[in-house]
Amino acid sequence: MNRPEPAINFSINGDEIAVPSDRGRRLSEVLRETLGLRGTKVGCDAGDCGACTVLIDGAPVCACLTPMAQVAGRDVVTVEGLSKSGLDRLQQSFLRHGAAQCGICTPGMLMAATALLNENPDPTRAEVEEALSGVLCRCTGYTKIIDAVVDMDRTALPQPAAGASVGARIERLDGVKKVSGAEVYGADLMPDNALLVRAIRSPHHRATFELKDVAEWAKQHGIEVFTAVDIPGDNRFGTIPAFVDQPSLAQHHVRMRGEAVALVAGEPSVIEALDLSAFPIVWTPEPPELDQIQARTSANLLHEARLGNELIAGRVQRGDPGTALANSAYAATLTINTSYVEHAYIEPEAGAAWMEGETLVIQACTQAPAMDRDETARVLGLPRERVRIIPSATGGGFGSKLDLSLQPLIGLVTLKTGRPSRMIYTRAESMMSTTKRHPARMTSTIGCDTEGRITGMVFDGDFNTGAYASWGPTVAIRVPVHASGPYFTLHYHAEARAIHTNGPVSGAFRGFGVPQAAIVQEMLYDELATVVGIDRLKFRHLNALRDGQATVCGQELAGVGIAECLTALENPWRDALERAATANGKGSVLRHGVGIASCWYGCGNTGLPNPSTIRVGIAADGRLKLHQGATDIGQGSNTVVTQFCADALGLPVDAFDLIGPDTALTPDCGKTSASRQTYVTGKAALLAGQSLRKQILQMTNMGETAAFAIEGARLRVSQGTQSRTIELESLAPDQNGYVLSAQETYDPPTSPLDENGQGTPYAVYGYGAQIAEVTVDTELGTVKVTRVTAAHDLGRVVNPMLAEGQVEGGVAQGLGMALMEEYIPGRTENLHDYLIPTTGDMPEIRSIFIECADPEGPMGAKGLGEHVLIPTAPAILNAIRHATGARIDRLPALPHRVLKAIRDAN
Amino acid sequence: MYHQPDTLEEALKLLASGPRTVAAGCTDLFPATQARGLSGAVLDITRVAGLRSISRQNGDIRIGAATTWSDILRADFPASFDLLKQAAREVGSVQIQASGTLVGNICNASPAADGVPCLLALDASVEVSSARGRRFVPLGEFITGVRTTVLGDGELATAVLIPRSALSGKSGFLKLGARKYLVISIAMVAARVVVADERISDVAVSVGSCSPVAQRMKALEAILLGCPVEVAVSKVTPELVAANLNPIDDIRADAAYRLTAATTLTRRTLGEILLDTK
């Protein structure tokens with residue numbers, strides 16, 4: 001018999017309370033679900049991520065590891081307790097330093113820092129690093145978080161004047177709720193009377209299965225069970241129309257571990273108590289195909305029509321590389337293997353669904369609301385008008401939240417039951433069932449002449465695309481387009497194949513395969529520079545692509561900033577080499593080395609349309625509203641897109657109210673991927689702002705330089721001594737409720753690639769180069785990256801603080817990929833076996849921004865989000881080689897691999 | 001049913017009445033389940049009087065079963081305990097150190113338990129209590145394999161005891177992982193050395209993560225005993241280190257690397273301690 005739970009008395013944020021609770025229940029659950037204190041986040045339920053850090057009697061502890069019984073009589077403080085009278089000093093400092101990106105780790109960071117500051121009000125950087133080491137962040141690279149704790153005296157950044165926000169270091173417009181803990185992420189949505197949903201997933205890489213008496217089992221437990229037969233529409237989803245192949249719920253057989261086969265839904269207390277391992281299903285495992293090389297010749301075809309398990313091959317061919325290489329003075333060849341890399345955002349997938357009349361509403365974390373709507377509608381057999389997607393705040397995405405995860409699952413439950421539903425992936429579920437970076441096996445040969453000029457390049461790569469298509473085609477197409485690096489390469493042949501295996505689905509991950517390809521190309525450049533006897537930076541500078549030169553796709557570019565990036569690194573490079581030489585002169589088991597690598601990256605879809613539409617309007621009451629449909633997953637598009645619109649219109653950013661994203665309220669701004677939001681949506685915002693300004697100037701018959709001011713329900717337009725006023729209430733509102741408005745669409749001018757990959761794949765590219773300095777322990781094979789100097793050409797720096805945040809976060813992910821990250825299905829489905837960098841693993845990072853205006857980009861701007869990750873891993877690997885002679889050919893460079901490579905080299 | 005008794009007598013009585021999951025810091029219990037709470041019969045020992053304490057008993061040091069890693073960091077210990085403090089700083093994170101207990105770390109019996117090599121080097125024994133009485137088991141015998149201990153029905157590990165003989169000398173601990181914090185070790189070494197007349201008069205070296213249970217390097221210790229300080233490090237050979245270890249290949253490293261790393265870490269740990277003793 002269930003007895004009512006006795007109340008547990010404790011103090012929460014200064015208030016004495018009594019909460020009836022099971023004494024073994026996690027404190028994190030009671031805080032979030034019972035007390036509604038949802039600022040405390042849950043990222044792993046295992047003490048690995050620290051997002052749930054709270055203070056108990058002043059000490060930082062993980063609320064997910066604390067049973068309620070241990071809280072009795074004690075004093076608990078959560079993030080909500082910091083801002084009882086407005087943001088506290090630390091929270092303000094986080095805001096001013098740009099320490100929150102997606103914001104999911106921010107409450108944990110704030111609590112861990114608060115515990116430190118209570119004991120030590122003036123900590124050193126090293127002390128902060130240690131105190132925050134138990135909280136993982138995947139966005140920031142920790143730099144700005146540590147800055148915010150060490151330097152709390154930074155005053156509020158001045159608000160730029162109207163028309164002058166682009167280029168200004170302004171705080172995130174959505175920052176206050178991230179540092180206060182008020183931001184609403186997928187797991188924070190708790191519709192009344194919601195059913196809790198959990199998935200039954202395959203424990204096998206490949207298996208057939210038979211469902212037993214599911215109806216009887218469901219009845220016994222008083223729950224509902226849904227399987228593939230309950231799906232009313234086309235039970236397939238996928239990101240690219242020609243390759244849609246992934247079932248929402250598998251039927252009869254599974255192609256990967258973690259694939260969902262059934263849903264259970266019911267009252268939360270019932271679902272929580274359910275033993276999912278007792279679900280009536282019989283599995284018959286079959287031998288899986290896990291390696292992409294073996295899969296090419298395997299008789300086990302994952303998808304019948306895809307021979308050799310080949311999803312697609314991408315190819316770019318220019319000139320005659322065979323002859324060019326044969327006639328080259330020097331040539332070098334390298335084969336590199338990379339691993340599955342997990343996105344490891346701190347927020348596992350979560351969201352809620354409910355009906356609004358005939359419309360199914362889904363609010364969940366995502367990077368692509370319009371795609372979610374269209375795909376969910378297809379799976380559920382609904383016209384897309386009957387599906388509304390409202391992105392929740394997204395606690396990190398990096399590409400994986402472009403794909404559907406729980407949307408069709410909770411959608412199905414709500415559609416079938418009419419009741420709201422809610423689903424939160426466990427950490428293991430998130431890791432086993434969502435996409436990864438493609439493991440790649442790549443071989444490349446590059447040649448050069450006696451002066452070091454590149455003569456030709458061939459590249460061949462097999463990319464393990466896992467069980468379903470996802471973004472595999474994008475990777476296979478993007479890699480050959482980018483594998484040359486930002487260098488003039490006249491003779492070129494590159495092919496990349498996406499090969500199916502029974503591994504997890506490889507999809508989009510910051511760079512779509514380009515970070516893997518850059519490793520082999522940039523390591524070969526070091527080989528060639530060394531044999532020719534040219535300084536490695538000079539070698540790259542000599543070959544850097546310049547304005548008017550054709551890319552490997554035959555596209556002639558303008559505004560190419562790679563040479564400028566390399567020039568900007570000349571002094572840091574010389575200093576770094578001197579530092580390493582001096583340190584090595586002392587003679588020690590520690591060897592110091594310096595590496596360099598470059599990147600380029602096309603912004604937006606490859607040779608395909610990808611428009612964004614922005615609406616801006618002024619209501620009769622004088623409110624200025626920006627319908628901003630680009631999902632801000634932490635990178636800052638809410639702020640950057642507004643900055644463009646504000647400057648084009650001529651009003652300050654703080655005059656804007658942001659609406660959306662919401663498929664019912666915002667026009668489509670496409671997906672947050674391919675480093676396209678600053679460029680594509682930014683340009684749409686610029687055009688919309690310009691259009692509205694033009695209308696207002698025409699109405700008032702004022703000149704181009706007139707200034708605007710909204711004063712209540714009046715818009716005042718003034719120029720010199722002239723001033724005119726528009727009485728907004730006197731104007732008739734349009735169908736959107738605006739008395740003045742503009743909507744503009746921008747689509748990058750590209751063209752499809754021909755059979756040789758020739759064409760105009762992207763209208764805008766971004767460029768960059770990074771120097772990594774490392775210390776290698778030659779007895780243990782451990783590598784410490786001490787400093788990264790990153791020069792990136794942004795065309796126009798829209799917001800330096802956000803741009804630095806992108807660089808620092810990209811470097812952290814590149815470092816992880818180089819040194820520690822290796823996802824092994826079934827083995828590393830948690831954040832203690834799968835390692836991402838902590839505060840203690842990060843180097844000092846210096847960003848240098850170059851502005852080579854792009855003729856197409858808004859105010860000259862280019863994308864940055866993915867570029868920043870690409871050079872880091874090859875720069876680190878080249879630095880290891882420089883330090884020790886060791887050539888790493890399998891990533892990550894774990895200590896045992898580095899030590900073996902050092903021994904092989906000597 | 002979740003019990004949180006105030007006295008040891010009550011705790012042992014509960015334990016005698018049937019099997020229960022013993023909970024203290026819960027830093028291993030919660031990660032092992034995806035449930036919203038601990039289920040089944042739980043015996044929470046964090047409120048048992050006297051269990052969260054560090055005390056001297058007849059010259060020995062007694063660390064109670066509810067003593068956290070943070071408590072250890074704040075405690076006033078002799079220099080021979082530096083290894084334990086260094087390990088405490090590297091266990092998980094500040095959050096884990098605030099909740100997790102040293103005795104829980106031993107009872108969890110992971111091959112990578114940070115506390116085990118330290119306590120082996122301190123010649124620790126475990127106080128095992130039950131309604132029937134108390135017994136003391138040397139740590140090397142207490143852990144019998146991967147995640148198994150000698151604890152029988154109704155028995156509770158109530159403390160670890162470090163004998164007076166292990167309170168002398170200097171000590172050190174080194175942990176190697178693929179990242180700086182929050183890391184499960186690839187290999188770790190704890191060592192304690194007593195020097196008299198520039199010779200090693202007592203030595204304890206143990207290695208973790210390189211065998212199912214952390215091991216004392218008996219073969220190496222025999223060679224080091226009586227050795228002049230300045231040549232001690234040169235006596236550490238891969239063969240001597242390997243003599244007591246049985247490492248495996250896993251996702252963190254291969255077996256051969258672990259032996260190499262254990263040898264290097266042993267040299268460095270001893271080197272740092274002996275540098276200090278000069």
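This report walks through a few strands, helices, contacts and salt bridges of the structure above.

The model is predicted, so keep its confidence rules in mind: local features need pLDDT of at least 70, side-chain atom pairs count only at pLDDT 80 or more, and totals for chains, interfaces and linings use all residues. Residues are numbered from 1 along each chain as its sequence is written, chains are lettered from A and ligands numbered from 1 in the order in which they are written, and side-chain values use heavy atoms, with hydrogens and water left out.

**A buried strand and its partners**

Helices (H or I, at least four residues) and strands (E, at least two) are DSSP runs, numbered from the N terminus. Eight of the eleven residues of E32(A) are buried, so this strand is largely enclosed by the rest of the structure. Here buried means under 20% relative accessible area, exposed means over 50%, and partly exposed lies in between (1.4 Å probe, protein chains only).

Asp793(A) in E32(A) has Tyr767(A) opposite, and in E33(A) its bridge partner is Ile850(A).

E31(A) and E32(A) form a hairpin with five residues between them, and Gly781(A) in the turn has a positive phi of about 75 degrees. With helix H21 (residues 800-819) of chain A, E32(A) and E33(A) make a right-handed β-α-β unit. Right-handed means that, with the strands pointing away from the viewer, the path from the first strand over the helix to the second runs clockwise.

H21(A) and E33(A) turn up again beside helix H5 (residues 143-150) of chain A. Six of the eight residues of H5(A) are buried, among them Ile145(A), Ile146(A) and Val149(A). The buried residues of H5(A) pack against H21 and E33 of chain A, and also against helix H2 (89-97), helix H3 (106-119) and helix H4 (125-131) of that chain.

**Where the chains meet**

How many residues does each chain bring to the contact? Chain B gives 46 residues and chain A gives 59 residues, where contact means heavy atoms within 4.5 Å. Together the two chains bury about 4,200 Å², 54% of it on carbon and sulfur atoms. Buried area is the accessible area (1.4 Å probe) that two parts lose on being put together, summed over both.

Across this interface there are seven salt bridges, and one salt bridge joins Arg268(B) to Glu779(A). A salt bridge is a side-chain nitrogen of Lys or Arg within 4 Å of a carboxyl oxygen of Asp or Glu. On the side of chain B that touches chain A, strand E1 (2-3), helix H4 (94-99) and helix H11 (255-277) of chain B each supply at least two residues. H11(B) gives the most, with six residues.

**Salt bridges**

Over all chains, the count comes to 69 salt bridges. Here are some of them.

| Pair | Closest N to O |
|---|---|
| Arg268(B) and Glu779(A) | 2.9 Å |
| Asp45(A) and Arg26(A) | 3.6 Å |
| Lys178(A) and Glu183(A) | 3.5 Å |

Are Lys178(A) and Glu183(A) buried or exposed? Lys178(A) counts as buried at 3% relative accessibility, and Glu183(A) counts as buried at 11%. Arg306(A) is buried too, at 14%, as is Asp245(A), at 10%.

**A buried loop residue**

Finally, Asn605(A) lies in the loop between strand E23 (590-602) and strand E24 (612-618) of chain A. Asn605(A) is buried, with a relative accessible area of 18%. Leaving aside neighbours within four places in sequence, Asn605(A) is in contact with Asn610(A), Lys671(A), Pro761(A) and Tyr762(A).

Note on methods. Pairing = 2+ DSSP bridges.
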